Amino acid sequence: MSHLIVSNLTKTVGDKTLFKDIEFTIYEGERAGLIGINGTGKSTLLSILAGSQDADTITLDRPNKYHIAYLPQEPQFQEGETVLQAVFSGDSPILQLNRKYEDTVTKLAQNPQSENLQNELFRLQQQMDNDKAWDVNALAKQALTKLGIDMYDQIVTNLSGGQQKRVALAKVLIEPADLYLLDEPTNHLDVQSTEWLQEMVLRLKGAVIFITHDRYFLDELSTHIYELADQTLYRHTGNYADYLESRAIREEMHAATQAKLQNRYRSELKWIRRGAKARTTKQKARIDRFEELDSKIERGSNDANLEMNLATTRLGKKVIEGEHLAKAFGERTIVSDFNFLLQQGDRIGIIGANGYGKSTLLNMLAGELEPDAGEVIVGSTVKRAHFKQVLPPMNENERMIEYIREASNDITDAEGVRYSAAQMLERFLFPLHTHGTPIGKLSGGERKRLHLLRLLMEQPNVLLLDEPTNDLDIETLGVLEDFIEHFPGVVITISHDRFFLDRIAKKLWILDGKGNVVESLDIYSDYLVKQSALQKEEAKEVKVEKPKPQKPKNDKKKLSFKEQKEWETISDTIAQVEEEITTTEEEIATAGSDYTKLQKLTEKLDQLNSEYERLIERWSYLDEIVNG
């Protein structure tokens, strides 16, 4: 059984140590979900294991032919490379063979008279047969189609960032490997694609280490949880639910221990305050024990939640209203005659396949895009905050605390309690000692978390969130969900994160890609179950065959004189054609590189197969008359 042993792994970036002397072993068939707050080094760890980045120190123990397939968060492609060329760009011989085959097919399409290309194609086809490479070819195209990429000859660098990530994902999934490293593979995927990916990862024979914010995906796939925290990697056996259960027990035990320490501390503190003298050895030892106890007491809360009711501008009865909204780009209709009325407390999830215009609809609600027809009417007290998929430019030299204070120095909750910018940074999982860090030193996920906090510091009463869960760690998602749960205003969000939508959205707007927006009060997971059941029912209806009409016995047909003669000879004719097909196939196999001869033999074989099918149909018809 192949395995990878990692030890003495240390990595420092600038003056920040991400992890120090961590070690773990991963075996074939294990699937480890890697979790941790943004900035703890999850992506860096995968990059080091893939050989894309150097560690300060590392020791690796693995077999000689141990192959690693790596999906980075932001994949890079060669200029001018097509989708299929990119997918078949791996190092394994079977991928290289597929790339040569696809390149030759493309060249032959451009120059069909080239005898050299024809011979090369035939040679590659034979090699594909011998190496059983057709399965990989079919799997690659299936993967691309399932991930929403159906134009295989497109230049990859001309695609959007999300499409490029899906091409890179398809490449990794078809690559034979001992270890698969997947950095946020569910980003930019809709639910159907995520479910397909889940099935694909379960079929992989090698080990898998993956980073994801999708808690359902994490729970379904993981056999182990690797947690990066405090410069250390903690290994937990079981899936995400098992990890949460063991963590809850650990925290409960820790809380009980702290309660006991607090009781002892209060008792010892009374003794100290009475003016204990340090004259005797016994008293000196007791004072030393008190000081040791004092160092173990935890002060302050490390709770990663944000259960606070913000004071926001009071919303009127009408928040945002849409009247007969219509928007299209060319022939693609986004919405057509869409009417809605948002009211205080609404929690709406916008769903639909990629490309159906979810972000376009949100941009219209934000007032950043005009509809082609209709009107978006905004209440006079509405203050909108629009969190977009792509972050706005940020000054990399600016410190975190300054960036937040540009929005507001403090924030007030519904009870009038004020929280400073520093306190809010701590609630958003930025420890006090990091507040002076320049933005340029933050990871992508940390920047996203920081920008989200800045928007919330402006105390809006309508939140428009476009894929807020992408690149955020699970701890931050919990903070965001706690915040939204207690947010007094309106929240409209686009997300492919099933757990996030289940917890946040009380109503769904479903875009069908034809301009219709259907409203549903289902929880997102319930809606998906209903849709799946509906699709299965539709598939059954398509497969149902109508019963063949029964012919009355007294209407039995008889063979004509000509048909009788045909019936007597048709079996021999079929046998003769079968023999000719076998002979022709043998001639093709021995024709070598004589393309002209191959072309004639192939045409002959096609004609013989057509004749064979016609004869079989005719035999069935005559047999039914004779024996029916």
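I count two residues as in contact when heavy atoms lie within 4.5 Å. I keep in mind that this model is predicted.

**Entry one: a tyrosine**

I looked up Tyr234 and what it touches. Leaving aside neighbours within four places in sequence, I found Tyr234 in contact with Ile225, Tyr226, Glu227 and Ala229. Tyr234 sits in strand S9, which covers residues 232-237.

Is Tyr234 buried, exposed or partly exposed? Its relative accessibility is 36%. Buried means under 20% and exposed means over 50%, with partly exposed in between. Therefore I noted Tyr234 as partly exposed.

I also checked Tyr234 against Phe24. The two are 210 residues apart along the chain. Their C-alpha atoms are separated by 8.9 Å.

**Entry two: a sheet**

Next I looked up a sheet. In which order do its 3 strands run? I read S11-S10-S13, in an open sheet with antiparallel pairing. Strand S11 (332-341) and strand S13 (373-378) are the edge strands, and each pairs on one side only. On average, neighbouring strands of this sheet are turned by 20° against each other, direction ignored.

I then looked at one pairing. Strand S10 spans residues 320-329 and is joined to S11 by 6 bridges. The two strands run antiparallel. Leu325 stands opposite Phe338 in S11.

What lies across S10, S11 and S13? I found helix H11, residues 358-365. Helix H11 runs at about 45° to S11.

Note on methods
Residues numbered from 1 in each chain as written. Predicted model: local features only at pLDDT ≥ 70, side-chain atom pairs only at ≥ 80, totals over all residues. Heavy atoms only, no water. Helix = DSSP H or I, 4+ residues; strand = E, 2+ residues; numbered from the N terminus. Buried < 20%, exposed > 50% of the residue type's maximum accessible area, 1.4 Å probe, protein only. Pairing = 2+ DSSP bridges. Axes fitted to C-alpha atoms, helices over the stretch in contact; angles between N-to-C directions.
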